[in-house]
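Please open the structure in your viewer and keep the selection panel at hand. The tour below moves from a whole chain to single residues.

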Amino acid sequence: MRKGVLAVALFWFSGAATAALDIEVLARTCNNCHGVSGVSVGQSMPSIGGLPREYLKTVMKQWKYDERGAATMNRIVKGFSDDEIDALAVYFSKKRWVPVPQGVGAKLLARGKGVISENCEDCHGLTGSDPDEDAPKINGQWAKYMQLELEKYRDDGFLMPHRKMKRTARKMNPADVPAAAHYYGAQRK
Amino acid sequence: MHAIDRRGFIKALAAASTASILSIPGAHAAKTKARVVVVGGGYGGATAAKYLRLLDAGIDVTLIEREAVYTSCPLSNEVIAGDRNIKTLQVGYKGLQKRGVKVVRDEVTQIDPVKKTVATASGKSFGYDALVLSPGVDFNYDAVAGLSEALARTTLPHAWKAGPQTLILQQQLAAMPDGGTFIIAVPPGPFRCPPGPYERAAQVALHCKHHGKKKAKVLILDANDSFSKKPLFEQAWKELYGYGEGGMIEWVSGSNDGKVERVDAQSRTCYTGFGEHQGDVVNIIPPHHAGKIAKDLGLATFKDKWCEVKPASMESTKEKDIYVIGDACVGGELASNNAFPKSAHMAMSQAKVVAASLVAKFNALPAPQAIYTNTCYSVVAHDWGFSVVHLYRVRDGQWVYIKEGSGISPVTFGTPQKPEPVPRIYRKLEVEYADGWLRNVLADAFA
């Protein structure tokens, strides 16, 4: 009897192990560009490990259903089922958020602080680590990537979905864009 | 598998939901579960070695590579143009050693698939339970009369393996006068890095445009009638450098007598079937095939050039327990002309499939679902890049090319009847992403 229970348990665990390995295999296709465990070492590529599940899911589905523009990602995600997208969002949301604080000059940092308190802080928080539910963490996110994202929001030819984000990004002075990006990129916590 | 190992495995899986790594805890790692030898330390081999250790530290992994430093082929065309320091493309093997990979600097001379041993030039022998071959390509210099390996090392570099030849070509381009002609000869496909020759043409033109050589010509002599990302390249060439009649870049297809059959190194003249083209810099990319070690073993069963493998595991169709990945293998949906491209990203993708399937095998778990992806960027100017992505799955034991998850960057927006130009921000983003991609793939494979 006892033995039987053990066998069933092992069978069940073995099934779970298989599914876990399948998700590992799927998720590790993302590592090439987003880093192991979703911690990017390329300045133009965002870290994705530890971002909120809802945010990851929403963004991938918006790309898949052409509700958000992208240069590359919109093509990649179209090959994934909605279930796979959900599994990837869960997988990466469970990783630890690892900020990669980048050095920035005192002057740009001070300017950035002014810019973000006026434009970004309401939703993204003072350091970017405690954002609103639908927003990503951005403390220690790559400044280069954030600057490119802001440029997308500011460009007429780029389909971006978030009205408030779009409005705010567009009213920023061009020189304020790198200041805001570098400010959040420099935050540790 | 012993029950104790299975429990360890499951415990590790539970831990994997908080930590990230699906590896066997240290207690079990002490006992070697299996020995894997990886031959070749490029993107494919390095990734296989690393991910085997990441997934299961109980596996003993030895990587045999003849060089101390690896130089990335991707983005090496920027080095030729003088826009990138080759050092940004170079990486050593310390990262893999830190992960417990035994890195051996040596050359594999023989493989015995019956005794399951690998012999090296220095006289060492390594036994294996599984052998991962990632030997890259070797060149067939004889296919172009007048060409030789000695010439490729000196006056006629192919630079199709990044390293010293990349720098020779860079110097030749820098020394080329205004009004000079740079010839790129493309071999019959399939070849390593399908968009590479055409990106190289753009990078050479970019160099000339910014270095007072506006009368220079880039002549592509092609053995083929089409090429990767063709509409994107032609659009960019035309807009940035002039393409075709009177433009800086000219492409001669195979049907138009583009195939170079002979070269005279002295006069730098390329001979096609009926014509001859004299260049100031002559860059002949010789036809190539699976690395010698795989070919010698008789694994190159596809057209006597490439190694056929099983879709779910990348195991050779010829030899048991030998897995062939990277440029040396052939895979994908061949019937629909959607073979695996020979790219770094693809090699890494294959390596990850091998690692996962070997870990499953050594732990007596069912084989995981294989999935293969590719992303490949081409940079044609400082603010103009584009890409192609590929997705393959395995169904009923066969590779299936997933069209919905594949394809090139848009050539135009709007409708086919009323096309509109793609906003420049898209092209600019992909240049930035190419650099981010490079840093991440180097880290994913070697760190």
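What follows is a series of selections, each with a short account of what is there.

This is a predicted model, in which local features need pLDDT of at least 70 and side-chain atom pairs count only at pLDDT 80 or more, while totals for chains, interfaces and linings use all residues. Residues are numbered from 1 along each chain as its sequence is written, and chains are lettered from A and ligands numbered from 1 in the order in which they are written.

**Select chain B.** The secondary structure of chain B comes to twelve helices and 29 strands, where helices (H or I, at least four residues) and strands (E, at least two) are DSSP runs numbered from the N terminus. Along the principal axes, the C-alpha atoms of chain B fill a box of roughly 75 × 55 × 40 Å. The radius of gyration of chain B is 23 Å, which agrees with the value near 22 Å that a compact globule of 447 residues would have; this radius is taken over C-alpha atoms, and the globule rule is 2.2 Å times the number of residues to the power 0.38. Of the 447 residues in chain B, 54% are buried, a word used if 20 or more other C-beta atoms, placed from the backbone, lie within 10 Å of a residue's own, whereas exposed means 12 or fewer and partly exposed lies in between.

**Colour chain B by domain.** Chain B is divided into domain 1 (1–31), domain 2 (33–138 + 289–369) and domain 3 (141–286), with bounds that come from an automatic or database domain assignment. The C-alpha centres of domain 2 and domain 3 of chain B lie 30 Å apart, and their contact takes 18 residues from domain 2 of chain B and 22 residues from domain 3 of chain B.

**Select Leu52, Cys307 and Val324 of chain B.** Of the 185 residues in the largest nonpolar core, Leu52(B), Cys307(B) and Val324(B) touch the most other members; such a core is a set of buried Ala, Val, Leu, Ile, Met, Phe, Trp, Tyr and Cys residues joined through C-beta atoms within 7 Å. Not counting residues up to four places away in sequence, Val324(B) touches several residues, including Leu133(B), Ala294(B) and Cys307(B).

Strand E6 (residues 108–112) and strand E7 (residues 117–120) of chain B pair in the antiparallel sense over four bridges, and two strands pair if DSSP finds at least two bridges between them. The bridge partner of Ile111(B) in E7(B) is Val118(B), and in this hairpin, which has four residues between the strands, Lys116(B) takes a positive phi near 60 degrees.

**Finish at Asp106 of chain B.** Asp106(B) lies in the loop between strand E5 (102–105) and E6 of chain B, and Asp106(B) counts as partly exposed because 17 C-beta neighbours lie inside 10 Å. The C-alpha atoms of Asp106(B) and Arg66(B) are separated by 4.7 Å, although these residues are 40 residues apart along the chain.

Technical notes. Contact = placed C-beta atoms within 7 Å.
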